[in-house]
Amino acid sequence: MNRQAKQYLMDHYRYRIELHAHSYPGSKCSEVSPKEIVKQYTQHGYDAVVLTNHFLYEYFEGLTKEEAITQYYQDYNEMCELGKSFGLKILLGAEIRFTENLNDYLVYGVDREVLSRVYDYFAQGVVTFRKEVCFPKSVFIQAHPFREPCVPVAAQLLDGIEVFNLHPGHNSRIALAACYAKENNISMITAGSDLHYLKKGHSGASAMLTAVLPRDSFELATLLKSGDYILEIGNCIILP
């Protein structure tokens, strides 16, 4: 890609969005507070961050479903308030896992109703969930499908695949994910820094670049469905 073409794309798709970030204590494996995420991504020049904390059954032991969902919202609500002060848009997502295995799935287009239905299907598994639950305003993406011990699921169960996962502590086998998407005609591919730490250099490692800034999680899902976006990995532009 020549410099002029790249500059045109950067000018047109001028909004930078992080699609995969975890905060503590919402995600117990994260070491980054909501405040630190907001400050870091503001410094990186991002316009929005999708908070995709883990929505896992084992996180909510002893809680009712409503208590679990309220707990899940706590980091998001805090980040939204902080984001207003910094001019950073915070969008709600979720990284969910059913109890059948250690596969992770990213959901964009998330609210309390969506989380409530996911909660009801934790023990039912991904096949049953996808056959019985329809969220026409959301998208369902398998995260890092080739990272051990994850296994890729049938393409017909997915809206898309997170091909580029840049977590520094895991080998997400990006080439295999890209081949799987191509071989199965999966056109919706995403990239995420999978932020968990600040000291390992992967905050802001990737971005979804868009021509418009989505106002909420559902508008983000609509953008993903439209295919009208590009991905940035470091200084490289990826055309999905």
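Biologist: Which elements do the buried residues of α2 pack against?

Modeller: First, a word on the model. It is predicted, so local features need pLDDT of at least 70, side-chain atom pairs count only at pLDDT 80 or more, and totals for chains, interfaces and linings use all residues. Residues are numbered from 1 along each chain as its sequence is written, and side-chain values use heavy atoms, with hydrogens and water left out. Now your helix: the buried residues of α2 pack against β1 (15-21), β2 (48-51), α3 (65-86) and β4 (89-96). Contact here means heavy atoms within 4.5 Å. Helices (H or I, at least four residues) and strands (E, at least two) are DSSP runs, numbered from the N terminus.

Biologist: And which residues of helix α2 are the buried ones?

Modeller: Here's the general idea: an α-helix has 3.6 residues a turn, so residues three or four places apart point the same way. In α2, which covers residues 34-43, the buried set is P34, I37, V38, Q40 and Y41. Buried means under 20% relative accessible area, exposed over 50%, and partly exposed in between (1.4 Å probe, protein chains only). Just after α2 comes G45, with a positive phi of about 85 degrees.

Biologist: Which residues other than glycine have a positive phi?

Modeller: Take two cases. H144 has phi near 30 degrees and sits in the loop between β6 and β7. N185 has phi near 55 degrees, in the loop between α6 (174-183) and β8 (189-192).

Biologist: Is each one buried or exposed?

Modeller: H144 is buried, with a relative accessible area of 2%. N185 is exposed, at 71%.

Biologist: Where do I look for cis peptide bonds?

Modeller: Check omega. From Y24 to P25 the peptide bond is cis, with omega near 15 degrees, and P25 lies in the loop between β1 and α2. Another cis bond joins E148 and P149, where omega is about 5 degrees. P149 belongs to the loop between β6 (139-142) and β7 (160-165).
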